Amino acid sequence: YQYVNNTLSNILKLPRDEIADFYLELLRIAGISDYQRKIMRFNRHSRIIRKLWREYRAKVKSSLDAKEARSLAREFIGRVLSIFRRSRSDLDELKKAIALLSKTPCFDFESPIIVIAGMPQVGKSTFVNKVSSAKPKIAPFPFTTKDIILGHAEIQGIKVQIVDTPGILDRPFNELNPIEKKAYIAARYLAHCILFLLDPSEDSYYSIESQISLLSNIVSDFGKDKIIVAINKIDKNTSERIKMVEEVLQSKFNSIPIWRISALNGISVNEVLNEAFNIALRNLGMKLPNYE
């Protein structure tokens, strides 16, 4: 009973109440469906097994001899294992849920959340590394970031959550792989502001046309009010190239703020972060504290 109870207790440490849509969507991407129903079922199984344990413990204590006690013990084990066999698929899925949720950051949905989005290798992790407490892995090849990474910063006395996301390719949501889908659902369910980074370089991993097409999809899905665009890597591109990219962006997204930055060298990163912070506050319905 102690073995079974410990196994169930680990599973029942999972949130039992309604959890945020972001976490439910993460579970669905991982193939874990009907999460709440499975948790409720395991609550019920836990109660049944506890009742059986008390019932059979009393029977064993009052048994006439060791043979009867062993028979009752075997009967108890058989009934408990029968419960486990009926719910084996649920058990396996909830173990997966434990592994997934245990490595997923805990977000405060009452505080500003800025999600950094864009295609692979545009400098998202470098930016997050520069402005927040997070230190994501940075490498010169695509899809280095495979999970959602949470960093923190304090701006004007307010705790701000800054989220590094995996790169997204320019294709429909149902064609994205599970890693890309994590980034998309972070933008959908977490962001009070989406800071979209572009790499304007002619030799970038992905063409500027593909990056702008992805931005168009994000604007179409999430609206302009929560998006700010940063043209990154200005220190390694000519002013003519940057101006050309900027003009294309302005022609397509004339009401979206557009910045020029270098995440690597810290050029204008604090300024663009402050604007993203103000957009996040507005969308969250928060006001700056009055210190007067």
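**Reading the sheet and a helix**

Analyst: Strand S5 (residues 227–231) and strand S6 pair in the parallel sense through three bridges, where pairing requires that DSSP finds at least two bridges between two strands, and strands (E, at least two residues) and helices (H or I, at least four) are DSSP runs numbered from the N terminus. Within this pair, Val229 stands opposite Ile258 of S6. This is a predicted model, in which local features need pLDDT of at least 70 and side-chain atom pairs count only at pLDDT 80 or more, while totals for chains, interfaces and linings use all residues. Residues are numbered from 1 along each chain as its sequence is written, and side-chain values use heavy atoms, with hydrogens and water left out.

User: In what order do the six strands form the open sheet, and which strands stand at its edges?

Analyst: The order is S2-S3-S1-S4-S5-S6, with mixed pairing. S2 and S6 (258–260) are the edge strands, each with a single partner, so one side of each is left without a neighbour in the sheet. S2 (residues 149–155) runs antiparallel to S3 (residues 158–164), joined by seven bridges.

User: Which residues of helix H4 are buried, and which are exposed on the other side?

Analyst: An α-helix has 3.6 residues a turn, so residues three or four places apart point the same way. In H4 (residues 66–86), Ala69, Leu72, Phe76, Val80, Ile83 and Phe84 are buried, meaning under 20% relative accessible area, whereas exposed means over 50% (1.4 Å probe, protein chains only). On the other side of H4, Lys67, Arg70, Arg74, Arg85 and Arg86 are exposed.

How values were computed. Expected span 1.5 Å × (residues − 1).
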